[in-house]
Amino acid sequence: AGAGAGADPWESVLKPLVHAELVRALCDDNSRVRAFAYDFWGDHTRLSDDSDKRLLQVLRDVYVDDVDGQFVHVASTLLVNLSARSTDFEKPLFQQPLDKCKFESAVIRSSWSRRNAGFSAPLFTATQTMAAAGTLATQLGSQAATGGGGAV
């Protein structure tokens, strides 16, 4: 049985359309529609409760071209929503309210950023580039010595 006349219209036509609409709903202007969509996608039967697996599923299953500009927001929200399922989610971050805490001044030295400003490229980039150029020169040299190569 091929993908011809006997193909299931749900799998071939309707499912991709419904899938795209459910992804677009994550960016809807209506907050109720967005909440429904996040509840739908956040269900553990659709996206894993394991953050590593969920990240891969979001990248693979929740991207459609129409939401390209909002995909980072959608993806991060779907990932951060996992924190609400943690047993620590309702626990306070601090033992006391912040208005009862004692704050002290601290000096933060920012000179490290000026010292390291020149390191914008990965450490071994120059080494890799030189090695690749050397390999290319060796290959071209051996082709020239054997008379091979021809026009590039």
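Good morning. A search of the whole structure finds 0 disulfides, a disulfide being a pair of cysteine sulfur atoms within 2.5 Å. Two cysteines may be mentioned here. C27 is buried, at 17% relative accessibility, and C101 is partly exposed, with a relative accessible area of 29%. In these terms, buried means under 20% relative accessible area, exposed means over 50%, and partly exposed lies in between, with a 1.4 Å probe and protein chains only.

Please keep in mind that this is a predicted model, in which local features need pLDDT of at least 70 and side-chain atom pairs count only at pLDDT 80 or more, while totals for chains, interfaces and linings use all residues. Residues are numbered from 1 along each chain as its sequence is written, and side-chain values use heavy atoms, with hydrogens and water left out.

Let me begin with the overall picture. Helices (H or I, at least four residues) and strands (E, at least two) are DSSP runs, numbered from the N terminus. Of the 152 residues in the chain, 16% are buried. The chain exposes about 12,500 Å², and carbon and sulfur atoms supply 59% of that area; accessible areas come from the Shrake-Rupley method with a 1.4 Å probe, and for residues only the protein chains shown count as cover. Among contacts with a separation of 6 or more, 47% are between residues 24 or more positions apart. Contact means heavy atoms within 4.5 Å.

I turn next to helix 4. Which residues of helix 4 are buried? They are F71, V74, A75, T77 and L78. Seen down the axis of helix 4, these buried residues fall within an arc of 165°, so they line one face of the helix. The arc is that of the directions from the helix axis to the C-beta atoms. As background, an α-helix has 3.6 residues a turn, so residues three or four places apart point the same way. The face of helix 4 turned away from the buried side carries the exposed residues V72, H73 and V80. The cover over the buried residues of helix 4 includes helix 2 and helix 3.

In helix 3, which spans residues 51-61, we find Q57. Is Q57 buried or exposed? Q57 is buried, with a relative accessible area of 17%. Leaving aside neighbours within four places in sequence, Q57 is in contact with R46, L47, S48 and V62. In helix 2, residues 31-42, we find A35, which is partly exposed at a relative accessible area of 39%. A35 and A25 are 10 residues apart in sequence, and their C-alpha atoms are 8.9 Å apart in space.

Now to the charged pairs. Side chains of opposite charge can pair when their charged atoms come close. A salt bridge here is a side-chain nitrogen of Lys or Arg within 4 Å of a carboxyl oxygen of Asp or Glu, and by this rule the count comes to 6 salt bridges. One of them joins the side chains of R24 and D66, at 2.4 Å from N to O. R24 lies in helix 1 and D66 in the loop between helix 3 and helix 4 (71-80), so the pair ties together parts that are 42 residues apart in sequence. R24 is partly exposed at 27%, whereas D66 is exposed at 54% relative accessibility.

Another salt bridge pairs R60 with D61, their closest N and O atoms being 3.0 Å apart. R60 is exposed, with a relative accessible area of 56%, and D61 is partly exposed at 24%. In a further pair, K91 meets D88, with the closest N and O atoms 3.2 Å apart. K91 is exposed at 53%, and D88 is partly exposed at 44%. Salt bridges that share partners also join E21, R24 and D66 into one network.

Finally, the surface. Which residues make the nonpolar surface patch of about 450 Å²? They are W10, V13, L14, L17 and V18. Patches are made of residues with over 30% relative accessible area and no salt bridge, with like charges joined within 9 Å and nonpolar side chains (Val, Leu, Ile, Met, Phe, Trp, Tyr) within 5 Å. V18 belongs to helix 1, residues 9-24, and is partly exposed, with a relative accessible area of 37%. Thank you for your attention.
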